[in-house]
Amino acid sequence: MMRHIRTRAAIAAAAALIAAGTITAGVSTASPEAKSTKPTTAEIAGLFDGWRAALATGDPEIVADRYASDAVLLPTLSPEIRTDRAGIVDYMTSFLAKKPVASKVQTVIKVLDNNEAIDTGLYEFQLTDPDTGVVSTVEARYTFEYEKQDGHWLIENHHSSLLPAAS
């Protein structure tokens, strides 16, 4: 009788271990996002290059595609906060008429987790006056908050303001 109880106990223990292993395996494969790794700072820096390339197309719709549907844009050359795609396209239409060429001067990137990162720093734009053709340089501060949505990095929040004169 004792031998029979030990055998049953061993079978029950083995079944419990198998069940626990199955549950653990299910948890580890349940969420593909959970398995993704944090992006590198170089990957996040490359998102600016994509945004700059979108500017170079001159198409405000292509630029707006870089932003999340609920993105907030605090633009450099407008006092109006843009909180939807139509507002971003509107701003970009007038901004792109100046043929902006953007370049970073200084950047600080913080990777928050697998799906969020912040790129902040200083950049400058070469802008061409559409009426006169005169080229000027605008120095500005920027913050891009990126969020990975459906496997794509999008701008969730973009703040840009003119760089104040040194005091």
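1. Phe95 is buried, at a relative accessible area of 4%; buried denotes under 20% relative accessible area, exposed over 50% and partly exposed the range in between, with a 1.4 Å probe and protein chains only. Phe125 likewise counts as buried, at 2% relative accessibility.

2. The model is predicted: local features need pLDDT of at least 70, side-chain atom pairs count only at pLDDT 80 or more, and totals for chains, interfaces and linings use all residues. Residues are numbered from 1 along each chain as its sequence is written, and side-chain values use heavy atoms, with hydrogens and water left out.

3. The whole structure contains 14 aromatic pairs. Rings of Phe, Tyr and Trp (its six-membered ring) pair if their centres lie within 6.5 Å; planes under 30 degrees apart are stacked, over 60 edge-to-face, and the rest tilted. The rings of Trp51 and Phe144 are edge-to-face because their centres are 5.2 Å apart and their planes stand at 65°. This pair links distant parts of the chain, 93 residues apart: Trp51 belongs to helix α3 (residues 41-57) and Phe144 to strand β4 (residues 135-149). Helices (H or I, at least four residues) and strands (E, at least two) are DSSP runs, numbered from the N terminus.

4. Trp51 is buried, with a relative accessible area of 1%, and Phe144 is buried with 0%.

5. Phe95 and Phe125 also form an edge-to-face pair, with 5.2 Å centre to centre and 90° between the planes. Phe95 lies in helix α5 (residues 85-96) and Phe125 in strand β3 (residues 116-128), so the pair ties together parts 30 residues apart in sequence.

6. Ring pairs join Phe48, Trp51, Tyr91, Phe95, Tyr123, Phe125, Tyr142, Phe144 and Tyr146 into a cluster.
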